Amino acid sequence: MSETRHDVVILGGGLAGLCLALQLHQRFPGIAVRVLERRNHPLPPAAHKVGESSVEIGAHYFDTVIGLREHLHTQHIYKFGFRFFYSEGREDLPAVTELGVRQVLPRPTYQLDRGILENHLGEEVRRKGIDFLDGAVVRTVDIASGNDDHTVSYDCDGARHVAKARWVVDAAGRANILKRKFDLAEANGHDANSVWFRIDDKLEIDQWCNDERWRLECSPPERWRSTNHLCGPGYWVWLIPLGSGAHSVGIVCDAKMHPLETMNTFEKAMAWLKEFQPLVWRECDKRRDKLLDFKFLRGFSHGCKQVYSGDRWAITGEAGVFLDPFYSPGSDFIGMSNSYVCALIEHDRKGDPVGPYAKIYQQIYFSFYESTLTLYRDQYPLFGDAEVMSTKVIWDYAYYWGVLCQIVFQDRLTDLRLFSDLKAELESVRALNVEMQLFFRRWMALNPPTNPATFLDQGELPWFHELNRTLHDPLDDDGVRARIRENVEMLKNLAAGIVAQAQLDCPGLEGLPGAGDAAATPSLFDLAA
């Protein structure tokens with residue numbers, strides 16, 4: 001049995017673990033990192049992992065922080081934003097409401113083929129001299145007390161090995177190594193399930209109808225590059241293109257409204273699609289011979305009681321918390337959590353006490369998680385209401401770009417003075433978002449169903465386009481504080497306008513607590529007209 005010693009041992013060499021290894025190597029030249037990954041490399045293209053679509057924070061983390069810009073530009077697909085069709089039971093996409101953009105927004109995001117990406121990360125890690133062992137199965141983890149090294153035992157190449165390390169980081173996903181060891185699993189009240197599969201062919205949604213006018217509304221006419229959401233009450237279906245040429249298809253459902261047992265095999269999923277999204281069924285049915293795989297996941301959303309410890313261990317990525325694939329926040333939270341892990345290791349290397357920083361960074365990280373969770377919990381019934389859900393999507397994105405993206409893009413995740421200075425503003429906008437999510441549910445209950453043939457282009461909202469365009473603005477200390485305060489005021493005005501317009505359409509609809517009168521914001525359908 002061999003024994004080695006390292007500064008950091010990372011359990012899991014998937015997306016979170018390999019990115020963390022690269023980030024540590026960049027930040028601390030010469031740091032001794034060992035990554036232990038159960039699966040053998042290289043992975044097959046279109047590897048069967050959820051998390052193929054990135055949004056702004058995740059894209060920034062991959063292309064700028066980790067330095068993968070060239071690889072992403074050449075081996076993956078530029079995403080044409082999110083796109084939503086309220087298409088339950090329909091086969092005529094031009095005749096339903098579409099929410100999306102006609103032209104790509106300024107800040108690039110990507111559709112990620114996880115097999116291609118993780119193979120590249122593994123190669124990069126080894127090229128930089130980082131110790132990456134694939135085919136290594138972790139057997140035990142012993143967390144030491146005081147200043148002693150932790151001990152990880154693992155099997156690799158038919159033998160048992162031991163790695164000693166000052167830090168142990170669990171990035172092993174749903175293996176939940178440290179979560180199980182310390183009994184940290186925590187339900188979060190969001191009960192949803194998912195099934196997904198890959199088809200070894202492009203599902204080119206632009207060609208699913210014969211309406212040339214509709215097809216050419218986007219420039220370029222490539223809706224297939226979007227994460228396409230086909231929505232109905234209690235569910236959404238995703239279509240995500242992969243750099244390997246395959247397409248990912250997923251169904252995500254509220255557990256009570258669409259039980260997993262109705263879709264937990266490929267044949268059941270196809271029957272479900274035939275009933276609720278017949279266009280997707282039609283295109284997949286033509287390609288049954290190109291099915292690559294099928295998987296389902298019950299109760300995918302979960303919390304964690306603790307992710308950072310003063311005893312020099314941490315949990316990152318899906319091994320800690322996971323929200324929902326809607327809005328694709330998984331890579332966002334990988335990037336933020338990995339950055340906090342790096343900051344804690346830096347404090348330790350400086351000789352600072354780690355415990356107080358672990359506590360405050362975890363508090364901030366959990367506040368991001370809990371605030372984002374409100375976008376999903378109890379909200380799936382809204383997904384079939386074209387007006388309410390489209391308004392919610394625009395609100396949710398304004399909240400994301402206006403607050404959290406500002407903190408991350410300006411590299412302020414560990415700026416404790418910033419959080420102190422903006423405490424009142426951040427607390428007020430967090431509470432406002434909670435009230436808006438409750439308001440959307442009240443509005444849907446009174447809103448007459450409508451699904452007109454219209455294209456709701458968020459890119460034509462000047463303030464929305466500007467929020468995206470200015471994400472990379474270089475701001476000094478005063479500038480970032482001013483930007484966030486301006487955005488908080490913008491969100492308050494947006495909320496008031498949304499509520500006022502909804503109340504005009506739905507007399508008797510209860511507004512927001514303590515809100516005064518406000519001018520109505522034109523409805524999305526009015527803007528489209």
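What follows is a tour from the whole chain down to single residues.

**Before you click.** This is a predicted model, where local features need pLDDT of at least 70 and side-chain atom pairs count only at pLDDT 80 or more, while totals for chains, interfaces and linings use all residues. Residues are numbered from 1 along each chain as its sequence is written, and side-chain values use heavy atoms, with hydrogens and water left out.

**Stop 1: the whole chain.** Show everything as a cartoon. You'll find 16 helices and 20 strands; helices (H or I, at least four residues) and strands (E, at least two) are DSSP runs, numbered from the N terminus. Along the principal axes, the C-alpha atoms fill a box of roughly 70 × 60 × 40 Å.

Now colour by burial. Buried residues make up 59% of the 529 in the chain; buried means under 20% relative accessible area, exposed over 50%, and partly exposed in between (1.4 Å probe, protein chains only).

**Stop 2: the cores.** Select Leu-24, Tyr-308, Phe-368, Met-436 and Phe-439. These have the most contacts inside the largest nonpolar core, which has 146 residues. Helix α11 gives the most to this core, with 17 residues. A second, separate core of 29 residues includes Phe-85, Trp-208, Cys-209 and Leu-279. Such a core is a set of buried Ala, Val, Leu, Ile, Met, Phe, Trp, Tyr and Cys residues joined through side-chain atoms within 4.5 Å. In soluble globular proteins, nonpolar side chains tend to be buried together.

Zoom in on Tyr-308. Not counting residues up to four places away in sequence, Tyr-308 touches several residues, among them Trp-313, Tyr-340, Tyr-361 and Tyr-365. Contact here means heavy atoms within 4.5 Å.

**Stop 3: helix α13.** Select residues 423-446. This helix has 24 residues and reaches 35 Å from its first C-alpha to its last, close to the 34 Å expected at 1.5 Å a residue. The expected span is 1.5 Å times one less than the number of residues. Its buried residues include Met-436, Phe-439, Phe-440 and Trp-443. They pack against α10 (354-373), α11 (386-409), α12 (416-421) and α15 (477-505).

Cys-506 touches Trp-443, Leu-446, Asn-447 and Pro-448, leaving out residues up to four places away in sequence. Cys-506 and Asn-447 are 59 residues apart along the chain, but their C-alpha atoms are separated by 6.4 Å. Cys-506 is buried, because its relative accessible area is 3%.

**Stop 4: helix α4.** How many of the 14 residues of α4 are buried? The count is 11, so α4 is largely enclosed by the rest of the structure. What covers its buried residues includes α1 (15-27), α3 (69-75) and β7 (131-134).

At the start of α4, a side-chain oxygen of Asp-113 reaches to within 3.2 Å of the backbone nitrogen of Gly-115. Then pick His-120, found in α4 (residues 114-127). Apart from neighbours within four places in sequence, His-120 is in contact with Leu-68 and His-71.

**Stop 5: loops worth a click.** Asn-188 lies in the loop between β11 (185-186) and β12 (192-199). A polar contact of 2.8 Å joins the side chains of Asn-188 and Ser-301. A polar contact is a pair of N or O atoms within 3.5 Å; within protein, one must be able to donate a hydrogen and the other to accept it, and residues adjacent in sequence count only if both atoms are side-chain atoms.

Next, select His-41 and Pro-42: the peptide bond from one to the other is cis, with omega near 0°. The bond from Ser-219 to Pro-220 is cis too, with omega near 0°.

Tyr-327 has a positive phi near 70°, and Asp-411 has one near 55°. Buried or exposed? Tyr-327 counts as buried at 7% relative accessibility, whereas Asp-411 counts as exposed at 68%.
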